[in-house]
Amino acid sequence: MKRRVFIGNTLSAISLTLLDSSLIQATEKTKNLNKGLLERLVEAFEFKVSDACWSDPVFMKVFEETSHNFLKSNYQFSQTRAFQLAHFNLVLVPMQLKVASLGCIDWAFVFYEQLHDKQWKYVKSINAYEADTILKSVDSLETQLPEGQLPDFLLPAYVRETKSLSYNTRKGHIDLKIMLNSTSVQANIQIWNQSELLFKQEYHLEHALQMAV
């Protein structure tokens, strides 16, 4: 008798090795995580392709220290290894979690920020479901903000004292919850400035991978 088991963003490549591949049959609800997500993220916030960070020994030291767990868990670099949002000193390194029999099952969009003293700091990693939720909120929030301020309220920013929330932005913070159940992925997002709620919404995400065991 078959039972359906949902594969969410918490699934790691290590856990897949514990399952007999002959018992796994992967299906895709609507679209592969590999299609379009990175392009949409780059376009929405006007990131530019950049290789400059890889020649910066300070960046490389921080990157090696903070990317170890991703690489150990079988995340791989995407074809384009880094993007930069220059006026925010923000670098995005996209990495994919791939499994041979399933394809891309998750992204890690890893953010680094260069501070005024030229030191680099790891800021935040965002998975595919979180990125999709943020992108779904862009059009609605864009009508409420002055032109060019989307990165200030949607992209992660480095702060020395973190709070108990999903992540800080330059002008506020975001509370983001991804809830997995047997048939779908539900996302709740709240976008704040320093003191007030600007936007909240609930989404049902479409790109849920499932497998039958």
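## Exercises: salt bridges and a charged patch

Gln114 sits in strand 7, which covers residues 103–114. Keep in mind that you're looking at a predicted model.

**Exercise 1. Work out whether Gln114 is buried or exposed, and which residues it touches.**

Solution. Start with the accessibility: Gln114 comes in at 16% relative accessibility. The cut-off for buried is under 20%, so Gln114 counts as buried. Next, skip the neighbours within four places in sequence and look for contacts: Gln114 touches Asp56, Asn89, Gln119 and Trp120.

**Exercise 2. Find the salt-bridge partner of Asp132 and say which parts of the chain the pair ties together.**

Solution. The structure has three salt bridges to pick from. In the one you want, Asp132 pairs with Arg40, and the closest N and O atoms are 3.0 Å apart. Now place the two ends: Asp132 is in helix 4 and Arg40 is in helix 2 (residues 37–45), so the pair ties together parts 92 residues apart in sequence. Last, check the cover. Asp132 is buried because its relative accessibility is 1%, whereas Arg40, at 31%, is partly exposed.

**Exercise 3. Locate the two ends of the salt bridge between Arg170 and Glu113.**

Solution. The side chains meet at 3.6 Å, N to O. Arg170 lies in the loop between strand 9 (167–169) and strand 10 (172–180), while Glu113 lies in strand 7; the pair links distant parts of the chain, 57 residues apart. As for cover, Arg170 is partly exposed at 22% relative accessibility, and Glu113 is buried with a relative accessible area of 11%.

**Exercise 4. Name the residues in the patch of negative charge on the surface, then describe Glu142.**

Solution. The patch gathers Glu43, Glu46, Asp139, Glu142 and Glu147. Zoom in on Glu142: you'll find it in helix 4, residues 128–142. With 45% relative accessibility, Glu142 counts as partly exposed.

Terms used:
Residues are numbered from 1 along each chain as its sequence is written. This is a predicted model: local features need pLDDT of at least 70, side-chain atom pairs count only at pLDDT 80 or more; totals for chains, interfaces and linings use all residues. Side-chain values use heavy atoms; hydrogens and water are left out. Patches are made of residues with over 30% relative accessible area and no salt bridge: like charges are joined within 9 Å, nonpolar side chains (Val, Leu, Ile, Met, Phe, Trp, Tyr) within 5 Å. Accessible areas come from the Shrake-Rupley method with a 1.4 Å probe; for residues, only the protein chains shown count as cover. A salt bridge is a side-chain nitrogen of Lys or Arg within 4 Å of a carboxyl oxygen of Asp or Glu. Lys and Arg count as positive and Asp and Glu as negative; His and the chain ends are not counted. The place of a charge is taken as NZ of Lys, CZ of Arg, CG of Asp or CD of Glu. Helices (H or I, at least four residues) and strands (E, at least two) are DSSP runs, numbered from the N terminus. Buried means under 20% relative accessible area, exposed over 50%, partly exposed in between (1.4 Å probe, protein chains only). Contact means heavy atoms within 4.5 Å.
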